[in-house]
Amino acid sequence: MFEYCSDPSSLETTRWFACYLTNGVHMRFYSSFLTVLSLLAITAPVALAFGFLGAMASRSHLLPLRALGKLYTSMVRGVPDIAFFLFFVIALDQALEWVNHQIQCPDWDEPIRQGANFVVCQAAKIPLSSAPQWMHEVYNYFIAVFTFSIVFGAFAANVLFGAMQSVPHAQIETAEAYGMTRRQSFWRILVPQMWIYALPGLSNLWMILIKATPLLFLLGVEDIVYWARELGGSRTSQFAYPHGDWRLWYFLGLLVFYLCFTKVSEVVLGRITRRLSHGQATMGGEAQRKAAA
Amino acid sequence: MSCWETVQAYAFRSLGYGERLLPRGDITLCEQITLIGSGLIWNVYFGLFALFLGFFLAVALAVAKSSPRAVIRKPAEWFIFVFRGSPLFIQFFLAYFALVNLPEEITTASRVIDISWLTDPFARAWLGALIVLFLNTSAYSGEIFYGALRSVPKGDLEAADAYGMTGWRRFRRIVFPTTMRLAWPAYTNEAIFLFHATTLVYFSGFPAFRQQGDALYYAQYFADRTFNPFVPYPIVAVYFVIVTLIVITVFGMINRRLNRHLPAARRQRVRYRPNLIR
């Protein structure tokens with residue numbers, strides 16, 4: 001980074017740290033923060049969409065669809081989410097390879113599960129074993145994002161279902177009295193009004209999602225936890241920057257990062273809640289009205 | 001090996017009794033169910049102790065946070081903020097490295113005194129992780145109790161004043177029971193998710209000493225061995241659904257007792273509110 005970094009062993013403390021914190025692996029550490037942020041940016045809307053579909057399904061009049069929706073919304077209640085994370089990563093991977101196997105090698109006659117092995121033909125491997133390393137990393141990342149979206153979609157479905165139930169029933173009855181169909185009253189009356197009821201739950205969910213991001217590490221993605229462990233481990237004098245076991249300090253850094261992140265989110269979400277409560281027939285809206293009067 | 005022999009060999013494997021080697025080669029369903037159930041002992045241990053000890057600290061934190069004096073209020077606020085604002089996963093890592101590094105520093109600094117007999121248990125999951133879970137659940141429950149403490153009806157306090165109750169007596173007989181009654185539904189959820197959070201322990205730095213892990217640790221072992229996630233993880237799921245149902249039953253009984261003086265329409269029902277990964 002700086003030109004005086006060519007011989008780190010001769011530097012005094014400040015400069016040594018300036019060089020140490022800007023070397024190549026640290027740059028990869030900093031960019032892994034972007035990995036985490038991009039995970040949040042993709043997962044949040046996708047999970048919201050999954051949640052919306054789940055909540056819609058559990059309100060459906062068709063029994064199988066409703067059962068499916070109920071199953072999806074209740075699957076996260078009794079079971080630790082980490083179990084889902086560990087499960088979906090392998091299950092999704094195997095499902096994709098199985099489907100690909102059926103397409104690519106239709107005349108394959110050996111069983112896919114052979115004892116403790118899961119064997120698909122070479123052409124069906126995802127990504128191909130000849131693919132470059134970055135393809136594997138990108139594939140792992142998207143499997144992880146999809147897993148997060150499924151699990152958090154279930155949480156969001158819970159919240160949105162509750163919000164849809166909380167919209168005063170008289171509103172729907174009025175819509176039907178005006179001759180709106182079920183679909184029309186859903187999209188024109190229910191959906192616009194449900195967000196204020198969903199907001200406390202969704203804010204909570206956003207905080208949970210932020211705090212779940214270190215679990216990316218468990219899903220095999222090179223995220224900030226991975227790099228903090230890597231960089232913090234002690235380095236002998238063979239390395240350019242020898243140091244003791246500094247993992248404690250790296251994780252302290254991560255702790256501060258998360259504390260700042262949740263604090264900022266809390267403030268922003270508080271503002272959004274206040275804005276959306278304006279003029280609503282809820283406790284928050286009533287409090288605003290009284291304060292103004 | 002028959003299934004009963006498997007149960008004898010692995011039922012207490014997670015505590016270090018029975019067969020030393022984990023099953024390998026052809027893994028039967030019976031082995032999976034037994035060993036994962038054996039790991040569940042650790043989840044229940046962490047959950048029960050953290051919940052029990054955390055209850056007292058949580059009450060203290062809630063009272064401290066609602067104190068008018070900043071000297072008492074500020075530390076409680078910061079404690080709750082730090083533990084609720086950061087991921088439990090990071091807290092585990094941080095605690096593990098702190099508990100491993102600090103004793104080493106002290107030992108190298110003093111050279112003479114060997115304190116490893118004192119500090120070693122802290123670097124092990126059974127104590128180190130329990131401390132983290134205890135502090136973490138205290139912070140979450142403390143916030144729940146604080147919210148409930150603030151919503152104790154004004155009329156109750158005025159009535160207490162009218163009877164001449166003050167200080168400790170008023171707290172013990174009026175404020176505390178009402179706080180518990182108001183907080184209980186949310187506290188039930190906290191208890192459920194504390195049990196779920198115990199599955200993080202063996203994935204977060206704390207090593208499984210001689211492969212004595214919790215339910216999810218063994219489930220992952222089997223999933224890695226058989227390359228078939230469709231058996232071990234559903235087993236974990238069934239075990240945890242049972243634990244969740246037991247927690248709901250026990251807490252529901254306490255809830256009924258806390259609400260027994262109220263007319264049926266004003267009683268609070270326990271409702272599911274997610275407060276999941278921490």
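Q: Buried means under 20% relative accessible area, exposed over 50%, and partly exposed in between, with a 1.4 Å probe and protein chains only. Does Gln94(A) count as buried or exposed, and at what relative accessibility?
A: This is a predicted model, in which local features need pLDDT of at least 70, side-chain atom pairs count only at pLDDT 80 or more, and totals for chains, interfaces and linings use all residues; side-chain values use heavy atoms, leaving out hydrogens and water. Residues are numbered from 1 along each chain as its sequence is written, while chains are lettered from A and ligands numbered from 1 in the order in which they are written. Gln94(A) has its place in helix α4 (residues 81-104) of chain A, where helices (H or I, at least four residues) and strands (E, at least two) are DSSP runs numbered from the N terminus. Gln94(A) counts as buried, with a relative accessibility of 3%.

Q: Which residues does Gln94(A) touch, not counting residues up to four places away in sequence?
A: A contact here means heavy atoms within 4.5 Å. With residues up to four places away in sequence not counted, the list has names from chain A and from chain B. The residues touched are Arg113(A), Phe118(A), Phe227(B), Pro229(B) and Phe230(B).

Q: What is phi of Phe227(B), a residue other than glycine?
A: Phe227(B), which Gln94(A) touches, is placed in the loop between α9 and α10 (232-258) of chain B. At 34% relative accessibility, Phe227(B) counts as partly exposed. Its phi is a positive value in a residue other than glycine, near 55°.

Q: Where is the place of Gln211(B)?
A: Gln211(B) is another residue other than glycine with a positive phi, near 55°. Gln211(B) counts as partly exposed, at 31% relative accessibility. Its place is in the loop between α8 and α9 (215-226) of chain B.

Q: How many helices and strands are there in chain A?
A: Reading from the N terminus on, chain A runs α-α-α-α-β-β-α-α-α-α-α-α. Counted up, chain A has 10 helices and two strands.

Q: How many helices and strands are there in chain B?
A: Along the sequence, chain B follows the pattern α-α-α-α-α-α-α-α-α-α. That gives chain B 10 helices and zero strands.

Q: What radius of gyration does chain A have, against that of a compact globule of 293 residues?
A: The radius of gyration is taken over C-alpha atoms, and the globule rule is 2.2 Å times the number of residues to the power 0.38. The C-alpha atoms of chain A fill a box of roughly 80 × 70 × 30 Å along the principal axes. A compact globule of 293 residues would come out near 19 Å, but chain A has 25 Å.

Q: Of the 278 residues of chain B, what percentage count as buried?
A: The C-alpha trace of chain B spans about 75 × 55 × 25 Å along its principal axes. Among contacts in chain B between residues at least 6 apart in sequence, 76% join residues at least 24 apart. Of the 278 residues, the buried share is 50%.

Q: How many aromatic pairs does the structure hold over all chains?
A: Rings of Phe, Tyr and Trp (its six-membered ring) pair if their centres lie within 6.5 Å; planes under 30 degrees apart count as stacked, over 60 as edge-to-face and the rest as tilted. Over all chains, the number of aromatic pairs is 47.

Q: What is the angle between the planes of the stacked pair Phe93(B) and Phe97(B)?
A: Phe93(B) and Phe97(B) are four residues apart in helix α4 (residues 88-110) of chain B, so about one helical turn separates them. Both residues are buried. Their rings form a stacked pair, 6.1 Å centre to centre, with the planes at 20°.

Q: Why does the pair of Phe145(B) and Tyr187(B) tie together parts of chain B, and how many residues apart are they in sequence?
A: The rings of Phe145(B) and Tyr187(B) form a tilted pair, 5.0 Å centre to centre with 45° between the planes. Phe145(B) is buried at a relative accessible area of 1%, and Tyr187(B) is buried at 2%. Because Phe145(B) lies in helix α6 (residues 125-150) and Tyr187(B) in helix α8 (residues 167-197), the pair ties together parts whose separation in sequence is 42 residues.
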